[in-house]
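Please look through the sequence and the 3D structure below. The paragraphs after them go from one residue to its surroundings, and then to the chain as a whole.

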Amino acid sequence: MKEKKIENIASATITMKIDTTTDLVVWRPTLSALPPTLSPSRQPTSAINNPNVDAVVICLSNDLHVAFTCEGLSTGKHMLVEKPLAVN
(Lines give C-alpha, C1' and ligand atoms only; values in the text may rest on other atoms or scores of the structure.)
Protein backbone atom coordinates (compact mmCIF):
# COMPACT_ATOMS: atom_id res chain seq x y z
CA MET A 1 0.00 0.00 0.00
CA LYS A 2 1.22 3.48 -0.84
CA GLU A 3 0.28 4.67 2.66
CA LYS A 4 3.22 2.80 4.17
CA LYS A 5 5.75 4.84 2.17
CA ILE A 6 4.01 8.15 2.83
CA GLU A 7 3.90 7.41 6.56
CA ASN A 8 7.72 7.43 6.53
CA ILE A 9 7.65 11.17 5.81
CA ALA A 10 7.69 12.84 9.23
CA SER A 11 5.70 15.90 8.16
CA ALA A 12 3.07 13.97 6.14
CA THR A 13 -0.35 12.97 7.42
CA ILE A 14 -2.72 10.80 5.41
CA THR A 15 -6.18 12.30 5.77
CA MET A 16 -8.17 10.57 3.03
CA LYS A 17 -8.25 7.29 1.14
CA ILE A 18 -10.17 7.15 -2.10
CA ASP A 19 -11.02 3.85 -3.80
CA THR A 20 -13.14 4.00 -6.94
CA THR A 21 -13.07 0.29 -7.80
CA THR A 22 -13.49 -1.58 -4.54
CA ASP A 23 -16.38 -1.70 -2.14
CA LEU A 24 -15.36 0.34 0.92
CA VAL A 25 -16.28 -2.58 3.16
CA VAL A 26 -13.61 -4.72 1.48
CA TRP A 27 -10.69 -2.38 2.20
CA ARG A 28 -11.95 -0.83 5.45
CA PRO A 29 -10.09 -3.47 7.56
CA THR A 30 -6.82 -2.30 6.04
CA LEU A 31 -7.51 1.15 7.49
CA SER A 32 -7.03 -0.08 11.07
CA ALA A 33 -3.29 0.61 10.84
CA LEU A 34 -3.95 4.15 9.63
CA PRO A 35 -4.94 7.20 11.67
CA PRO A 36 -8.52 7.20 13.03
CA THR A 37 -9.02 10.60 11.38
CA LEU A 38 -8.71 8.98 7.94
CA SER A 39 -11.70 9.79 5.78
CA PRO A 40 -12.64 7.11 3.22
CA SER A 41 -14.42 8.01 -0.01
CA ARG A 42 -15.18 6.62 -3.47
CA GLN A 43 -14.96 10.03 -5.19
CA PRO A 44 -11.50 11.31 -6.23
CA THR A 45 -12.86 14.85 -6.33
CA SER A 46 -13.53 14.68 -2.58
CA ALA A 47 -9.75 14.81 -1.99
CA ILE A 48 -9.11 17.32 -4.75
CA ASN A 49 -11.77 19.71 -3.42
CA ASN A 50 -10.93 19.28 0.27
CA PRO A 51 -9.18 22.42 1.60
CA ASN A 52 -7.40 20.32 4.27
CA VAL A 53 -5.63 18.22 1.62
CA ASP A 54 -2.34 19.65 0.30
CA ALA A 55 -1.26 16.80 -1.96
CA VAL A 56 -2.96 13.97 -3.85
CA VAL A 57 -1.44 10.68 -5.03
CA ILE A 58 -3.16 9.55 -8.24
CA CYS A 59 -3.31 5.74 -8.43
CA LEU A 60 -6.27 5.41 -10.77
CA SER A 61 -6.56 3.62 -14.08
CA ASN A 62 -4.33 5.16 -16.74
CA ASP A 63 -7.21 6.72 -18.66
CA LEU A 64 -8.13 8.83 -15.61
CA HIS A 65 -4.65 10.17 -14.79
CA VAL A 66 -4.74 13.33 -16.91
CA ALA A 67 -8.25 14.46 -16.00
CA PHE A 68 -7.82 14.18 -12.23
CA THR A 69 -4.24 15.48 -12.28
CA CYS A 70 -5.29 18.59 -14.19
CA GLU A 71 -8.23 19.11 -11.87
CA GLY A 72 -5.98 18.82 -8.82
CA LEU A 73 -3.38 21.19 -10.25
CA SER A 74 -6.10 23.74 -11.02
CA THR A 75 -7.01 23.77 -7.31
CA GLY A 76 -3.38 24.29 -6.26
CA LYS A 77 -2.74 20.76 -5.01
CA HIS A 78 0.60 19.00 -5.25
CA MET A 79 0.05 15.95 -7.44
CA LEU A 80 1.98 12.67 -7.54
CA VAL A 81 0.89 10.53 -10.48
CA GLU A 82 1.63 6.89 -11.18
CA LYS A 83 3.16 6.12 -14.57
CA PRO A 84 2.09 6.55 -17.29
CA LEU A 85 0.69 10.05 -17.02
CA ALA A 86 -1.26 9.46 -20.24
CA VAL A 87 -1.74 6.59 -22.64
CA ASN A 88 -2.07 8.65 -25.80
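Thr69 touches Ile58, Met79, Val81 and Leu85, not counting residues up to four places away in sequence; contact here means heavy atoms within 4.5 Å. Thr69 sits in helix 4, which covers residues 65-74. Helices (H or I, at least four residues) and strands (E, at least two) are DSSP runs, numbered from the N terminus. With a relative accessible area of 7%, Thr69 is buried. Buried means under 20% relative accessible area, exposed over 50%, and partly exposed in between, with a 1.4 Å probe and protein chains only.

This is a predicted model, in which local features need pLDDT of at least 70 and side-chain atom pairs count only at pLDDT 80 or more, while totals for chains, interfaces and linings use all residues. Residues are numbered from 1 along each chain as its sequence is written, and side-chain values use heavy atoms, with hydrogens and water left out.

One of the residues touched by Thr69 is Ile58. Apart from neighbours within four places in sequence, Ile58 has contacts with His65, Phe68, Thr69, Met79, Leu80, Val81 and Glu82. Ile58 and Val56 form the covered face of strand 3, whereas Ala55 and Val57 form the uncovered one. The chain passes from strand 3 through helix 4 to strand 4, in a right-handed β-α-β crossover. Right-handed means that, with the strands pointing away from the viewer, the path from the first strand over the helix to the second runs clockwise.

How do strand 3 and strand 4 pair? They are parallel and share 4 bridges, strand 4 being residues 78-81; pairing requires that DSSP finds at least two bridges between two strands. Ala55 has His78 in strand 4 as its bridge partner, and Val56 is opposite Met79 in strand 4.

Which residues make up the largest nonpolar core? It has 9 residues: Met16, Ala47, Ile48, Val53, Val56, Ile58, Leu60, Phe68 and Met79. A nonpolar core is a set of buried Ala, Val, Leu, Ile, Met, Phe, Trp, Tyr and Cys residues joined through side-chain atoms within 4.5 Å. Helix 3 (44-48) and strand 3 (55-58) are the elements that give two or more residues to this core. In soluble globular proteins, nonpolar side chains tend to be buried together.

Asp54 lies in the loop between helix 3 and strand 3. Its relative accessibility is 56%, so Asp54 counts as exposed. Neighbours within four places in sequence aside, Asp54 is in contact with Lys77 and His78. Asp54 and Ala12 are 42 residues apart in sequence, and their C-alpha atoms are 9.8 Å apart.

Cys59 is partly exposed at 37%, and Cys70 is partly exposed at 46%. The count of disulfides is 0, a disulfide being a pair of cysteine sulfur atoms within 2.5 Å.

The chain has 4 helices and 4 strands, which run α-β-α-β-α-β-α-β from the N terminus on. Of its 88 residues, 28% are buried. Among contacts between residues at least 6 apart in sequence, 35% join residues at least 24 apart.
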